Amino acid sequence: MHKLNTDSIADAAPIGEPEKSLVDIGAAHRDSNLDAILDELDRELVGLQPVKAYIRRLASLLLVTRLREKVGLSTERPTLHMSFTGHPGTGKTTVAMRMAKILHHLGYLRRGHLVVATRDDLVGQYVGHTAPKTKEILKKAMGGVLFIDEAYYLYRPENERDYGQEAVEMLLQAMENQREDLVVILAGYQDRMATFFQYNPGFRSRVAHHIGFPDYTLEELTTIAELMLREQNYSFDNEARQAFVEYLELRTEQPQFANARSVRNAIDRMKLRQASRLVNEGGCIGKEQLVRIAAVDVRQSRVFQGGLDGEVGAGTASETQPVRGQEER
């Protein structure tokens, strides 16, 4: 398990002798290398300032708790189970990964890995099937973070024969008895999670940190698109960038818009249109043409005609028809 560098902490002494129990918190902060991890989160995710601010405050609490222990102050282990609420594609899984890394770095988790699960991974389809499935997931997650997406699907009060309640009870037991070796993050839509906690007060009493993930603004979504394109060696020309802003204004008003996931899907379709255009044009082309996404590659989207982007024909699956368990975290 990772341990903090204690060089910045003087030898512990009785509480009545504070001058012998001095802590250089600035040095301890530098030694912890927390800023590097948090800066990585800033680089990975556009926007989400309230989320990032909360994670920084929580990281500070965890650091100070470790320092209190070093100088002999009695300190309870902070409750670390969390709830992440928000629409799909707002970065919940990425933040969970960084949270696991922070907890491992400060010695709160011995492994610091992330295990992502949904109802299908935890709940069986017949009597006696749920317990071994849930035990297996818990075993994989021990020493790290268990991220349960769409957690509200674990509980179905309308179905008396549903096996989800058994998984709920096992999770509650693990969250209480294994809290020194496991952090559980429950995630999903805010309104559905509120109902879930209402029907499952045991979860609410064990979850200390409720973090809401806001939707991205149009400007942030455009920045996300440009970052994604740059990573793939593509770029908008000026007209294409303006066309994409107009595309977002229309797309965000349609049902099941999924923030960064929808942006990524839109980019994939623009690349298809660009490739088709280049092949149809023929002739010799250079690197600049291979890189450039033109306005026509954006405006061919059905969104501009009031349709759904990616829709080919009747009955065709698209991002507007999500399958449970397939949400972008």
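The model is predicted: local features require pLDDT of at least 70 and side-chain atom pairs count only at pLDDT 80 or more, while totals for chains, interfaces and linings use all residues. Residues are numbered from 1 along each chain as its sequence is written, and side-chain values use heavy atoms, with hydrogens and water left out.

**The sheet**

Begin with the five strands, which form an open sheet in the order β2-β3-β4-β1-β5 with parallel pairing. Strands (E, at least two residues) and helices (H or I, at least four) are DSSP runs numbered from the N terminus; two strands pair if DSSP finds at least two bridges between them. The edge strands are β2 and β5, each pairing on one side only. From one strand to the next, the twist averages 20°; angles run from 0 to 180 degrees between N-to-C directions, and axes are lines fitted to C-alpha atoms, for helices over the stretch in contact.

Next, select β2 (residues 114–117) and β3 (residues 145–149). Four bridges join β2 and β3 in the parallel sense: V115 has L146 as its bridge partner, and V116 has F147. Buried means under 20% relative accessible area, exposed over 50%, and partly exposed in between (1.4 Å probe, protein chains only).

**Helix α3**

Now select residues 49–70, helix α3. Its 22 residues reach 32 Å from the first C-alpha to the last, close to the 32 Å expected at 1.5 Å a residue; the expected span is 1.5 Å times one less than the number of residues. Helix α3 lies across β1 and β5, running at about 155° to β5.

Which residues of α3 are buried? They are V51, K52, I55, L58, A59, L62, L63, T65, R66 and L67. Their cover includes α1 (25–32), α2 (34–44), β1 (82–86), α4 (92–105) and β5 (209–213).

Centre on T65: at 4% relative accessibility, this residue counts as buried. Leaving aside residues up to four places away in sequence, T65 touches T75, E76, P78 and Y108, where contact means heavy atoms within 4.5 Å.

**The α3 and α4 pair**

Finally, display α4 beside α3. The two helices pack at an angle of about 15°, with their axes 11 Å apart. The contact is made by V51, I55, L58, A59 and L62 of α3 and V95, M99, I102 and L103 of α4.
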